[in-house]
Amino acid sequence: VLYDCVSGKPANKTQLRIYAQRNNTGVCTVDVKPCDPKEWQRVDGSCNNLKHPSRGTHRTPTIRLLPFDFSPNYEPRKAADGGDLELARKLRTELLCTGKVSEMGLTQLVAYYLLFSIGDVNSIHDPLNYLTNITYCCTPKGKKDYRCTPLKIPADDPVHRFSGISCYNLTRPQSFQTYRCLDNNTDFVRIVFQTPIYDLSNVYNLLPGFVDRIRTFKHGLLKVEKAKNGYLFPESDPKSTLCFLNQRPRETLCHKYLSNNGIGTNLMGILFYRQHNKIAEELRKLNPCWNDERLFFTARSINIAIFLQIYLYELLPIVLGKKNLLRDGIICDGGFRDLYDENIQPQLTDEFAYVHRWYHTIQETTMKCYDKDGHFLKTFPMVNATFRTGIFGVDDNIVHITQGSFRQQSAAFDFTMDTDMGDRTLGGTQLAVDVGASDLAKGRFFGFPPYIKYKEFCKKRSYKEFSDLKDSFCPERLYRLMQTHKCPSDIDLLGGIWGENHVKGGMVPETLYCVVVEQLRRTIASDRHWYERPNRPHAFTEDQLKAIRKVTIAGVLCCVGDHVTEIQPSAFHSICSKNPVVKCSSSKIGKLDLSAWKDSSTCKN
Ligand code: HEM
């Protein structure tokens with residue numbers, strides 16, 4: 001049945017006729033085969049909710065935590081005095097410092113994993129759009145193109161007042177209106193190409209149909225190939241234009257069906273892709289009679305569960321605070337749990353993906369490379385390697401980057417942004433990019449209401465004056481807000497989050513915590529295939545769930561990282577006397593033991 005993506009209902013004849021005329025049936029609808037309540041979790045996300053089978057697929061529309069605040073024609077809201085809001089670049093340079101501050105206790109893996117996790121539920125088509133399609137927003141042509149939202153650089157800019165650069169190229173977020181699934185005079189609905197549930201869709205099905213191209217359809221395995229340097233990678237397309245920073249002719253590796261993004265996403269994507277095969281091979285040894293289908297879906301289900309277990313129980317407790325997460329029902333003490341509610345549809349708020357942009361401040365960009373024995377080799381500017389998957393395929397770079405991920409410190413969880421993130425975010429693709437300024441400006445093009453409205457939502461009280469904010473900011477950060485805004489309602493969502501106090505027991509701003517937890521509750525409750533449910537189709541047994549709960553990121557790196565033979569047991573934490581490097585064979589490393597999947601009944605005949 002062809003479902004209309006936006007309404008989530010079977011498309012009617014009129015709709016189908018209009019889409020056919022507009023030649024956009026493929027993007028505005030999704031084809032859902034009849035659901036079987038007992039089947040495996042589908043790779044395309046359909047049938048997760050049996051009442052609304054298309055919810056959970058690619059292009060499931062996002063929802064909003066708070067109602068829109070746009071000027072007419074989806075232009076940014078106005079300031080309280082009726083004028084324009086302050087320039088995004090001005091606010092970024094005033095509200096965030098630039099430089100290097102390290103988070104001594106945490107490693108680069110934290111940023112890598114966070115980026116990878118958000119890539120499971122949110123696509124990166126917006127930057128690709130202005131990098132590859134609409135590259136002229138700062139030229140006169142851009143003035144006439146509605147899709148262009150160039151960022152003006154103030155004349156007194158601390159970096160660019162003499163550089164000759166006065167504008168950053170940027171485009172409007174893509175919506176169902178962009179693809180003409182909705183008319184222009186309707187409410188903005190963002191289009192996202194990833195599935196909204198955590199199902200490693202960025203590994204298995206980056207775009208609908210990719211899964212069939214990556215499967216070998218033999219023994220449950222995914223296709224892999226050896227790169228020039230002899231290491232194993234997902235299938236590559238040397239002719240692809242997506243890796244536009246590859247230094248050709250040497251660097252040719254470019255993922256065909258996995259995203260070609262920054263260092264962090266690429267590395268994690270490769271690891272989880274390979275992990276699928278490790279699991280499938282091991283399962284086959286245990287159960288030689290299992291067919292391809294069973295091996296594939298069991299391996300995938302274990303891979304997703306490991307990804308979620310690490311995310312929820314190892315990473316988020318560090319970042320959001322373990323007690324907070326237990327109190328708010330995001331994690332539990334162990335065993336099974338079932339929070340499923342079929343009345344909650346698998347959908348993501350725009351605010352959830354958006355507040356993740358705050359993590360741009362924890363990205364250390366001077367990447368340290370180490371050899372397989374942990375000896376420091378060199379540093380490399382990470383932003384030069386975005387859209388440059390080829391770098392992984394030459395020399396021993398994959399080894400050096402993997403080792404660096406757990407040996408190098410993260411940048412601090414504070415209001416400092418690494419210099420390269422602030423001025424050269426996309427390496428050599430543009431003369432200059434300030435991701436923080438883009439982040440702030442994008443919030444206006446998403447139509448997010450002012451920061452204080454989110455404060456009111458989270459704290460259930462009203463915020464009218466700057467003095468109402470004194471419990472949420474240290475005096476100096478509040479002073480900066482007052483210097484840059486005439487009125488509290490002029491503060492943008494991210495502008496407020498940048499300087500806000502961190503949640504008690506965690507490391508992130510209070511409002512970020514609130515928005516993330518609100519979504520995670522929905523995510524857990526809306527996913528019929530959630531890995532901790534005892535009564536989902538093909539649920540884990542108690543022993544199987546126990547085995548999943550033991551796996552840590554260190555275990556994953558030991559299992560599928562190239563030449564990782566030793567590592568600290570808590571690899572999101574820095575190496576120190578309490579967390580020393582140990583051999584991968586040590587019992588302190590949380591590795592996957594698949595013996596609970598041995599099925600004695602299968603080979604009887
Ligand atoms: C060197 C590292 C990184 C680089 C170069 C980078 C670069 C970028 C760029 C250029 C954009 C698009 C900005 C725009 O068009 O508005 C973006 C968006 C984004 N980034 Fe990063 N980023 C990095 C690390 C991270 C990390 C660690 C996270 C952690 C979660 C993250 C999360 C996001 C999110 C959520 C978006 C918004 C995507 C969307 O909704 O369109 N990034 N990043």
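Helices (H or I, at least four residues) and strands (E, at least two) are DSSP runs, numbered from the N terminus. The model is predicted, with local features needing pLDDT of at least 70 and side-chain atom pairs pLDDT 80 or more, while totals for chains, interfaces and linings use all residues. Residues are numbered from 1 along each chain as its sequence is written.

Q: Where does H360 lie?
A: UniProt, in an unreviewed entry, lists H360 under "binding site", and such annotations may be inferred rather than shown by experiment. H360 is placed in the loop between α11 (350-355) and β11 (366-370).

Q: Why does H360 count as buried?
A: A residue is buried if 20 or more other C-beta atoms, placed from the backbone, lie within 10 Å of its own. H360 counts as buried because its C-beta neighbours inside 10 Å number 21.

Q: Which residues come nearest to the ligand?
A: A residue is near a molecule if its C-beta atom, placed from the backbone, lies within 6 Å of it. Helices α4 (109-121), α5 (125-133) and α14 (435-445) each supply at least two residues of the shell. Of the 26 residues around the ligand, those that come nearest are A111, L115, H356, Y359 and S438.

Q: Which residues does G499 touch, leaving out those up to four places away in sequence?
A: G499 belongs to helix α17 (residues 493-499). Contact requires C-beta atoms, placed from the backbone, within 7 Å. Beyond four places in sequence, G499 touches L95, F415, F473, R477, R480 and L481.

Key: Buried ≥ 20, exposed ≤ 12 C-beta atoms within 10 Å, placed from the backbone. Contact = placed C-beta atoms within 7 Å.
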